[in-house]
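This briefing sets out selected features of one protein model for use in computational work.

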Amino acid sequence: MNSNRQNRTIRHSGVAIAFSLALSVVTTLTAAQANAQCAEVVSGLRQPLGTALSNQGNLLVSETGTTALRSARTSGRISIVEPNGRRRTLLRGLPSGLNDVGDSSGPTGLFMRGRHLYVLIGDGDVAIPGPRPGTALQNPHGPSSPIFSSILAIHFSAATERTTTGFTLTFADQTALANGHTVTLSNGGWDKMTIQLIVNFPNFIPRPLPDVPNNIELSNPFQLVAVDDMLYVTDGGRNLVWQVDLPTRAFSPLVVFPNIPNPLFPNLGGPFIQPVPTGIASFNNQLLVTLFRGAPFLTGVSTVEQIDPTTGSDTPFITGLTNAIDILPIKEKDACDNEGATSYLALQFSSAGPFFQGPGLVLRFDDPAGPPTVIANCLTAPTSMTLNKKTGTLYLSEDGGRIVAIPFQ
């Protein structure tokens, strides 16, 4: 997502703590070294936001859409990217709307378990800009899709994944999903796909302000993880993590993150910085959640939080980050395939603030207290990362439309 979309997902919105150690490491890398780290796998995607690895070794990519297409309202797409870089469409016609900051908003996070792919749909065109920055109003014409701010479950076979050239979701299909029906798509023969709507979150809640009484706060689900019979979803608009019971499809907030003071107020930004949860992972019966932090997007105020899913308790896990957008815990193994130490990869959308300065970074923490090692600084506005452990390849999506690969052992 570009800076406008990031400002939306990470909607409006800390304390400036200079992450000097990581930045000093970055400056020791030459441009040639940085460029050598990232190998382009595919380009020309429609603002890729989420990635997931299938059990066939393909990368599945959510593309939130583009305003450049005539069919912009259905330009959301899920693509299959093969290891050789070949892209095929898995599902086209997903909703994508122009959001309140003028950017496309459609499919966001992905999580694959077995042959089920869970897909988040963002806030779309539910709202229009409010009378001043930091405010939004309900779209008087209504949203262009009934399934914005939702979770879809898509099932397709391995044979379909290997051969399909893509299924198309129609508006009638979207309406059927919103009404609780299962949608089955077919390209003839055995090439089929089934889709269900798991949860349709409220598009917004009222958030009246003295000068904007009809102001609203939008839901904007961004990333998710499945643990047993539960889904956990970060919501960058509502600043919370949802818990979703898969058997009953009941949902409720697990944890709501508080604002922090803006040390640059009143010279830059408002008095508070919003948390804006983005990436999420499950590890050792705990959840790890990145807090991107909102405008003015300062250096060093972003964190990774550890959440106890049984109590909702929240404790800082990694601090001093900048625009953290994804987290990936990695359990190391020794030569005998025994489990060893754990390291953590943190993905930063940019390396300095305010307002997204410097390249995106992959940082490795062998100890959550630091210091980190810079794995890559060759990224432009990265949005997600997925590791193929079998091949030792770390895939990263970039808002500008690329997937790049970095060797990682």
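Helices and strands are DSSP runs, of at least four residues (H or I) and at least two residues (E) respectively, and are numbered from the N terminus. In those terms, P296 is placed in the loop between β25 (286–291) and β26 (302–307). The model is predicted. Its largest pocket has a volume of about 880 Å³, and a search of the whole structure finds one disulfide.

**Largest pocket**

- The lining of the largest pocket is made up of 30 residues, and L53, F111, L328, T386 and L387 lie nearest the centre.
- Two or more lining residues come from each of β2 (48–53), β8 (107–113), β18 (221–227), β24 (277–283), β28 (324–333) and β32 (382–388).
- Strand β28 gives the largest share of this lining, with six residues.
- Divided by class, the lining of the largest pocket holds 15 nonpolar, ten polar and five charged residues.

**Nonpolar cores**

- The largest nonpolar core has 31 residues, of which L91, L117, L152, M193 and I195 touch the most other members.
- Residues up to four places away in sequence aside, I195 touches L91, L152, A153, I154, L169, L177, H181, T182, V183 and L185.
- Another core, of 26 residues, lies apart from the largest one, and its members include F349, C378, L387 and V404.

**Disulfide**

- The disulfide is formed by C38 and C378, whose sulfur atoms are 2.0 Å apart.
- The torsion about the S-S bond of C38 and C378 is about 65°, and the disulfide is therefore right-handed.
- C38 is in the loop between α3 (31–37) and β1 (39–42), while C378 is in strand β31 (residues 373–379), so the pair ties together parts that are 340 residues apart in sequence.
- C38 counts as buried because its relative accessibility is 14%, under the cut-off of 20%.
- C378 is likewise buried, with a relative accessible area of 13%.

**Surroundings of V255**

- V255 belongs to strand β21 (residues 251–256) and counts as buried at 6% relative accessibility.
- With neighbours within four places in sequence left aside, V255 is in contact with L240, V241, I307, G312 and D314.
- The C-alpha atoms of V255 and Q243 are 9.0 Å apart in space, and the two residues are twelve residues apart in sequence.

**Cis peptide bonds**

- A295 and P296 are joined by a cis peptide bond with omega of about 10°.
- G370 and P371 are also joined by a cis peptide bond, for which omega is about 0°.
- P371 is located in the loop between β30 (360–365) and β31.

**Positive phi outside glycine**

- D228 is not a glycine, yet has a positive phi of about 55°.
- The position of D228 is in the loop between β18 and β19 (230–235), and the residue is exposed, with a relative accessible area of 64%.
- N285, a residue other than glycine, has a positive phi near 65°.
- N285 lies in the loop between β24 and β25 and counts as exposed because its relative accessibility is 67%, over the cut-off of 50%.

Terms used. Residues numbered from 1 in each chain as written. Predicted model: local features only at pLDDT ≥ 70, side-chain atom pairs only at ≥ 80, totals over all residues. Heavy atoms only, no water. 1 Å grid on protein atoms, 1.4 Å probe; cavity = no way out; pocket = protein on both sides within 12 Å on 5 of 7 lines; lining within 4 Å. Points joined across faces, edges and corners; volume = space filled by probe spheres on them. Nonpolar A, V, L, I, M, F, W, Y, C, P; charged D, E, K, R; others polar. Core = buried A, V, L, I, M, F, W, Y, C linked by side-chain atoms within 4.5 Å. Buried < 20%, exposed > 50% of the residue type's maximum accessible area, 1.4 Å probe, protein only. Contact = heavy atoms within 4.5 Å. Disulfide = S-S within 2.5 Å.
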